[in-house]
Amino acid sequence: AAFTPKNIDTFLLTSETSTDKIIEHYSKVNTTTIQIVDALTQGTHLDLKKAFPHVKLVQVLHVLNESSIVEALEISNFVDSILLDSGNPNLATKELGGTGRVHNWEISKQIVKNVQIPVFLAGGLNPLNAKNAIHQVGPYGLDVCSGVRTNGKLDSHKLNAFFNAINSI
């Protein structure tokens with residue numbers, strides 16, 4: 001993060017659920033943004049804002065059902081942006097991203113419409129559905145991972161197809 005040009009945001013992705021642990025981890029990396037991929041169980045987003053007022057907070061919200069809309073509205077008061085994903089943190093072995101699954105975009109659309117902060121869309125995005133995701137949900141941005149990989153590695157053909165799809169809008 002220290003060597004990244006100033007105009008490029010750097011991210012700490014963390015599955016820690018304690019603000020004390022997040023603060024400890026952040027102090028070692030000093031990124032411009034902290035992306036929390038699970039719900040906080042100890043401490044609050046305000047604790048993180050007080051500790052690092054200059055750092056942006058992104059809360060990942062795993063869209064499971066309509067209750068995700070209420071959760072997004074509540075969280076939006078305390079973070080800089082929300083990332084909607086298709087994991088399931090309620091499983092015995094939590095899924096916190098990278099599932100390759102699409103969630104209910106109608107719910108995501110309602111979240112985008114009702115919160116006053118940027119909302120990023122993730123979850124099962126690929127060259128074939130990226131354009132539709134933008135049209136249907138209207139997110140601030142897209143977060144893509146498995147949809148542009150082959151055998152776990154970035155695939156230049158899929159990346160090109162993905163960008164061609166979104167650039168055609």
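Just after helix 5, Gly-138 adopts a positive phi of about 70°. This is a predicted model, and the protein has an average pLDDT of 92, with 93% of the residues scoring at least 70.

**Confidence**

- Strand 5 (residues 119-121) has the highest confidence in the protein, at 97.
- Confidence is lowest in strand 7 (residues 149-150), where the mean is 92.

**How helix 4 meets helix 5**

- Two packed helices are described by the distance between their axes and the angle between them.
- Here, the axes of helix 4 (residues 105-114) and helix 5 (residues 130-137) come within 9 Å and cross at roughly 50°.
- On the helix 4 side, the contact uses Trp-105, Glu-106, Ser-108, Lys-109 and Val-112.
- Their partners in helix 5 are Asn-132, Ala-133, Gln-136 and Val-137.
- Sorted by class, this contact has four nonpolar, three polar and two charged residues.

**The buried face of helix 5**

- Ala-130, Ala-133 and Val-137 are the buried residues of helix 5.
- Looking down the axis of helix 5, you will find these buried residues within an arc of 55°, so they line one face of the helix.
- An α-helix has 3.6 residues a turn, so residues three or four places apart point the same way.
- The cover over the buried residues of helix 5 includes helix 4, strand 5, strand 6 (141-142) and helix 6 (156-167).

**Lys-158 in helix 6**

- Lys-158 sits in helix 6 and is partly exposed, with a relative accessible area of 31%.
- Setting aside neighbours within four places in sequence, Lys-158 contacts Pro-127, Gly-147, Val-148, Arg-149 and Thr-150.
- Gly-87 lies 71 residues from Lys-158 along the chain, and their C-alpha atoms are separated by 22 Å.

**Two asparagines with positive phi**

- Asn-30 is not a glycine, yet its phi is positive, at about 50°.
- You can find Asn-30 in the loop between helix 1 (19-29) and strand 2 (33-36).
- Asn-151, also not a glycine, has a positive phi of about 55°.
- The loop between strand 7 and strand 8 (153-154) holds Asn-151, which counts as exposed at 77% relative accessibility.

**Two buried threonines**

- Thr-31 is in the loop between helix 1 and strand 2, and its relative accessibility of 7% counts as buried because the cut-off for buried is under 20%.
- Not counting residues up to four places away in sequence, Thr-31 touches Ala-1, Thr-10, Phe-11, Leu-12, Tyr-26 and Val-55.
- Thr-33 belongs to strand 2 and counts as buried, at 2% relative accessibility.
- Again leaving out residues up to four places away in sequence, Thr-33 touches Asp-9, Thr-10, Phe-11, Leu-12, Val-55, Lys-56 and Val-58.
- Thr-10, Phe-11, Leu-12 and Val-55 are among the residues touched by both Thr-31 and Thr-33.

Terms used. Residues numbered from 1 in each chain as written. Predicted model: local features only at pLDDT ≥ 70, side-chain atom pairs only at ≥ 80, totals over all residues. Heavy atoms only, no water. Axes fitted to C-alpha atoms, helices over the stretch in contact; angles between N-to-C directions. Helix = DSSP H or I, 4+ residues; strand = E, 2+ residues; numbered from the N terminus. Contact = heavy atoms within 4.5 Å. Nonpolar A, V, L, I, M, F, W, Y, C, P; charged D, E, K, R; others polar. pLDDT = per-residue confidence, 0-100. Buried < 20%, exposed > 50% of the residue type's maximum accessible area, 1.4 Å probe, protein only. Arc of directions from axis to C-beta.
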